[in-house]
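Me: I would like to learn how to read a structure feature by feature. Please take me through this one.

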Amino acid sequence: MPRVRARMGAAGVLLRVAGLAAVVALVAAAVGWWYVMERSEHRVEPGKPVQVEIPSGAGAAEIGELLAERGVVRSAVRFRLEVRRAGAGSGLRAGVYELTTGMSYDAVIERLRSGPPVVHVTLAVPEGFTVEQVASRVETVCGIPAAEFLALAKGGGGRFEAGHPYLADAYQGSLEGYLFPKTYRVPQGAGAEDVIGMLLEQFDKETASLDLRVPESRGMNLHDVVTLASMIERETSVAEERALVSSVIYNRLRKGMRLEIDATIEYVLPGNRFRLRNSDLETDSPYNTYRHDGLPPGAIGNPGLECLKAACEPADTDYIYYVLTGKDGSHTFARTWDEFLAAKRESKRVFGR
């Protein structure tokens, strides 16, 4: 029996020694790991803004190195381990990030999982711009080729009819008049169809409250209102005259008179003119309101909300003429041919031509 106890005692000693060795090994591993982690960490001053671009296809190790180099995290090794712990290895998204130095690993991982913020550009579409002018502005600001934009804006109305049924009346599928003038925040990378969609949606919002009773009582639809408003936009510089110009157009239409509005011819002529020449009045175009009755077939620019309202709510007048007589862009309105001729003489006196 004593020999058995001795043997059991020896076995116990061996077990104790083995256990102690395991503990020592674990401690040594922990110390070694602490040493590696400590050596891998950078000393950073927290809270400083820093921009980091994560390239497409980068893995956790490469991303960790980038973040550590910029001071966003203290250790690339620790970042890789935290990514593994969070199960986020395949969920880190490429892009440009605005981060700060000394961020927590969890916060950085969450940001990279969410993806970079959407970058926007500011697109300002002035009132009265034609589709060509809008296309040029879109190319400059958004990087979308003007030709690509125009291909949709000048003949692609049918492509947008499902969401905007009034475009069924658009002349030759042109969106002229419907690209609502306003300042937009366009996501970087948006295409021509995206931008046009934004402008059409804004048109819907802005025109939802228009009172169409007057134009509808004259047999006009929304397309006619947009066309009329575009002429008011091009013809007026003084806000108070919008409803007056509108009344002249309504009165001439009611009397069966041709509109004879210079802006409709200027729309189809190249370049800018202070006054039209007699030869210009013979221009062969459905937009020539000196040769054709009624409204032109479509808008001659993209009118703003105030001109759209004026097209719906003309002033109550019996004016049938107006002549530019003020250097501030103001007009003299006339009821008779004699009043019109007197206004023409005043215009020549003011402008010398």
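Reply: Start with a strand pair. Strands E1 and E2 (residues 95-100) run antiparallel and share six bridges. Two strands count as paired if DSSP finds at least two bridges between them. Helices (H or I, at least four residues) and strands (E, at least two) are DSSP runs, numbered from the N terminus. This is a predicted model: local features need pLDDT of at least 70, side-chain atom pairs count only at pLDDT 80 or more, and totals for chains, interfaces and linings use all residues. Residues are numbered from 1 along each chain as its sequence is written, and side-chain values use heavy atoms, with hydrogens and water left out.

Me: Which residue of E2 is the bridge partner of Ile54?

Reply: Gly95.

Me: How do I read the two faces of E1?

Reply: In a regular strand the side chains alternate between the two faces of the sheet. Here E1 spans residues 49-54. Val50, Val52 and Ile54 make up the covered face. Pro49, Gln51 and Glu53 make up the uncovered one.

Me: Next, the nonpolar core. Which residues touch the most other members?

Reply: General idea: in soluble globular proteins, nonpolar side chains tend to be buried together. A nonpolar core is a set of buried Ala, Val, Leu, Ile, Met, Phe, Trp, Tyr and Cys residues joined through side-chain atoms within 4.5 Å. Buried means under 20% relative accessible area, exposed over 50%, partly exposed in between (1.4 Å probe, protein chains only). The largest core here has 59 residues, and Phe149, Leu179, Val195 and Ile196 touch the most other members. Elements that each supply at least two residues include strand E3 (120-124), helix H5 (131-142), helix H7 (192-207) and helix H9 (222-235). H9 gives the largest share, seven residues.

Me: What does Val195 touch?

Reply: Contact means heavy atoms within 4.5 Å. Not counting residues up to four places away in sequence, Val195 touches Leu123, Val138, Ile144, Phe149, Val186 and Ala190. Apart from this core lies another, of 22 residues, with Ala60, Leu67, Val72 and Ala88 among them.

Me: Now a single residue. Where is Cys312, and is Cys312 buried or exposed?

Reply: Cys312 is in helix H12. Its relative accessibility is 1%, so Cys312 counts as buried. Leaving aside neighbours within four places in sequence, its contacts are Leu210, Asp211, Leu212, Val214, Pro215, Val225 and Tyr250. Also check C-alpha separation: Cys312 and Leu222 are 90 residues apart along the chain, with their C-alpha atoms 9.6 Å apart.

Me: How many salt bridges does the structure hold?

Reply: It holds 12. The rule: a side-chain nitrogen of Lys or Arg within 4 Å of a carboxyl oxygen of Asp or Glu. Take Asp106 and Arg85, whose side chains meet at 3.0 Å, N to O. Asp106 lies in helix H4 (residues 105-114) and Arg85 in helix H3 (residues 76-86), so the pair ties together parts 21 residues apart in sequence. Arg85 is exposed, at 55% relative accessible area. A network of salt bridges links Arg78, Glu82, Arg85 and Asp106.

Me: Where do Lys309 and Glu306 lie?

Reply: Both lie in helix H12, three residues apart, about one turn of the helix. Lys309 is partly exposed at 34%, and Glu306 is partly exposed at 41%.

Me: Which residue forms a salt bridge with Asp318?

Reply: Arg335, with the closest N and O atoms 2.8 Å apart. This pair links distant parts of the chain, 17 residues apart. Asp318 sits in the loop between H12 and strand E5 (321-324). Arg335 sits in the loop between strand E6 (331-334) and helix H13 (337-351).

Me: Last, aromatic pairs. How many are there?

Reply: Rings of Phe, Tyr and Trp (its six-membered ring) pair if their centres lie within 6.5 Å; planes under 30 degrees apart count as stacked, over 60 as edge-to-face and the rest as tilted. The count here is 10. Tyr166 and Phe203 form a tilted pair, 5.4 Å centre to centre with 45° between the planes. Tyr166 lies in the loop between H6 and E4 and Phe203 in helix H7, so the pair ties together parts 37 residues apart in sequence. Tyr166 and Phe203 are both buried. Tyr166, Tyr178 and Phe203 form one aromatic cluster.
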